[in-house]
Amino acid sequence: MIDRKARGEKLAMLTAYDYPMARWLDEAGVDLILVGDSLGMVVLGMQDTTGVTMSMMLHHAAAVRRGVEKASVVVDLPAGSYLTPDMAVHNARRLVAAGADAVKLEGGMKVIGQVRAIVEAGIAYVGHIGMLPQSVLHEGAYKKKGKTDEDAERLMEDALVLQEAGAACIVLESMVPEVAERISKALKIPTIGIGAGPDCDGQVLVTPDLVGGFPWFKPPFAESRANVAMEVTRAVREYVRKAKG
């Protein structure tokens, strides 16, 4: 992916949690498919991602893998699954066995031991800094990052240390766009933004947000390009009318 950044080629990343969506995304030309712990919210109806387990991630990773031939499959390590370097490697290997090409975990300096252990084990790693959904209970809300000089400097330090540890790329989530741009320019590896402005080296969205498949909540940065929920509702109502005569 470093070569692609050097050539100025942008990366397109979307989430998938099952076989049909994974196959649709792969056939449509998405570069990276993320089996995100966002499945806790948009698939399983949880309030946040903190209750997602390794068993859930393994189940959905295997389903996605069956639908993908070309894209790289990145799978999240869920909250509580990488508390120590040994635990991180153990669970990363489980995700690879289920079909992951790379694993992603949240954090910078605080998890650098886990990151280095994963990379040293020969497992491709994707970073994730900025707003960290797995930390929402600790922080009390989803807060945009990089608003102060101190926070912006911390984010830059996190990005640089993850690059040094061997990250293939880094997701920048809910970050002041100017800070995300500075980080992107400072790194040799690609950045992939979500709610971090247009100047990252790629973009990622939760696919139900993109296609209008989760109408009960939509992040302010997500632009829906379809309305799957409305179309499904229309089809079901038509079926109910016909079934009831």
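Q: Buried means under 20% relative accessible area, exposed means over 50%, and partly exposed is in between (1.4 Å probe, protein chains only). With those classes, how does Arg116 count?

A: Arg116 counts as partly exposed, because its relative accessibility is 35%. Before we go on: this is a predicted model, with local features needing pLDDT of at least 70 and side-chain atom pairs counting only at pLDDT 80 or more, while totals for chains, interfaces and linings use all residues. Numbering starts from 1 along each chain as its sequence is written, and side-chain values use heavy atoms, with hydrogens and water left out.

Q: Okay, which residue does Arg116 meet in a salt bridge?

A: The general rule is a side-chain nitrogen of Lys or Arg within 4 Å of a carboxyl oxygen of Asp or Glu. Here the partner of Arg116 is Glu164, at 3.2 Å from N to O. The two sit 48 residues apart, Glu164 in helix α8 and Arg116 in helix α6 (residues 112-120), and the pair links distant parts of the chain. Helices are DSSP runs (H or I, at least four residues), strands are too (E, at least two), and both are numbered from the N terminus. Glu164 is exposed, because its relative accessible area is 55%.

Q: How many salt bridges are there in total?

A: The count comes to 16. One of them joins Asp158 and Arg154, at 3.3 Å from N to O. Those two are four residues apart in helix α8, so about one helical turn separates them. Another pairs Glu223 with Arg225, with the closest N and O atoms 3.6 Å apart. Arg225 is exposed at 65%, and Glu223 is partly exposed at 48%.

There's also a network: Arg4, Arg7, Glu9 and Asp31 are joined by salt bridges that share partners.

Q: Now the strands. What do β1 to β8 form together?

A: Start with the pairing rule: two strands pair if DSSP finds at least two bridges between them. In this model, eight strands make a closed barrel in the order β1-β2-β3-β4-β5-β6-β7-β8, with parallel pairing. From one strand to the next, the twist averages 25 degrees. Angles like that run from 0 to 180 degrees between N-to-C directions, using lines fitted to C-alpha atoms (for helices, over the stretch in contact).

Helix α8 (residues 149-165) packs on the sheet, where it touches β5 (125-130) and β6 (169-173), and its direction makes about 175 degrees with that of β5. Touching goes by contact, meaning heavy atoms within 4.5 Å.

Q: Is β5 buried or exposed?

A: Six of its six residues are buried, so β5 is largely enclosed by the rest of the structure. Tyr125, Gly127 and Ile129 point one way, while Val126, His128 and Gly130 point the other way.

Q: What about Gln134, where does that one lie?

A: Gln134 is in the loop between β5 and α7 (136-139). It counts as buried, because its relative accessibility is 13%. Setting aside neighbours within four places in sequence, its contacts include Asp37, Thr49, Tyr82 and Glu106.

Q: Last one: which residues make the nonpolar surface patch?

A: Patch members have over 30% relative accessible area and no salt bridge; like charges are joined within 9 Å and nonpolar side chains (Val, Leu, Ile, Met, Phe, Trp, Tyr) within 5 Å. Areas come from the Shrake-Rupley method with a 1.4 Å probe, and for residues only the protein chains shown count as cover. Here Val228, Val232, Val236, Tyr239 and Val240 make a patch of about 430 Å². Val232 sits in helix α11 (residues 228-243) and is partly exposed at 46% relative accessibility.
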